[in-house]
Amino acid sequence: MLKSFYRLVAAALIPCMLLAGVPMTAQAAIVSTEQALVTPAGHADRERVSGFLAREDVQTALQAQGVDAQSAIERVQAMSDAEVAQLADRVDQAPAGAGVLGILFTVFVILLVTDILGLTTVFPFTRSIR
């Protein structure tokens, strides 16, 4: 039985070893820097994100975070097409005032947890665990 197993393994390994020595072929062509870096879709996404960063309310928010708006736009121009496409999708999906809604939700959750822990008595519908 062991001899038949060795024959089976050898029968499988012989073609694998023979095919491993076959050289693989590859083809290459010269691509210019402009073709490699910029695609029409990537250019449109860059314009959309740059337009978003050029808005006055966004610039004030960036200034509040300590980021220069012009350097942010320059960084967007230096990103790859995939990164810019991901950022453009996030800009498109973000509803107006999402930051305010997120802050309000966070405050609600914090107050709810402190109410349940018995540290505050803000909501009448919660019962303290103390």
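Me: Which residue forms a salt bridge with Arg48?
Reply: In this predicted model, a search of the whole structure finds 1 salt bridge. Side chains of opposite charge can pair when their charged atoms come close. For Arg48, the closest N and O atoms of the pair are 2.8 Å apart, which is within the 4 Å that a salt bridge requires, and the partner is Asp45.

Me: By about how many helical turns are Arg48 and Asp45 separated?
Reply: Both residues belong to helix 3, which covers residues 40–53. Because they are 3 residues apart in that helix, the separation is about one helical turn.

Me: Is Asp45 buried or exposed?
Reply: Arg48 has a relative accessible area of 36%, so this residue counts as partly exposed. Asp45 has a relative accessibility of 14%, and because buried means under 20%, Asp45 is buried.

Me: How wide an arc around the axis do the buried residues of helix 3 cover?
Reply: The buried residues of helix 3 are Gly42, Asp45, Arg46, Val49, Ser50 and Leu53. They lie on the same side of helix 3, because the arc that they cover around the axis is only 130°.

Me: What accessible area does the nonpolar patch on the surface have together?
Reply: The patch is formed by Leu2, Phe5, Tyr6, Val9, Leu13 and Met17. One of these, Phe5, lies in helix 1 (residues 2–20) and counts as partly exposed at 47% relative accessibility. Together, the residues of the patch have an accessible area of about 640 Å².

Methods: Residues numbered from 1 in each chain as written. Predicted model: local features only at pLDDT ≥ 70, side-chain atom pairs only at ≥ 80, totals over all residues. Heavy atoms only, no water. Salt bridge = Lys/Arg side-chain N within 4 Å of Asp/Glu carboxyl O. Helix = DSSP H or I, 4+ residues; strand = E, 2+ residues; numbered from the N terminus. Buried < 20%, exposed > 50% of the residue type's maximum accessible area, 1.4 Å probe, protein only. Patch = residues over 30% accessible without salt bridge, like charges linked within 9 Å, V, L, I, M, F, W, Y side chains within 5 Å. Areas by Shrake-Rupley, 256 points an atom, 1.4 Å probe, with all protein chains shown as cover. Arc of directions from axis to C-beta.
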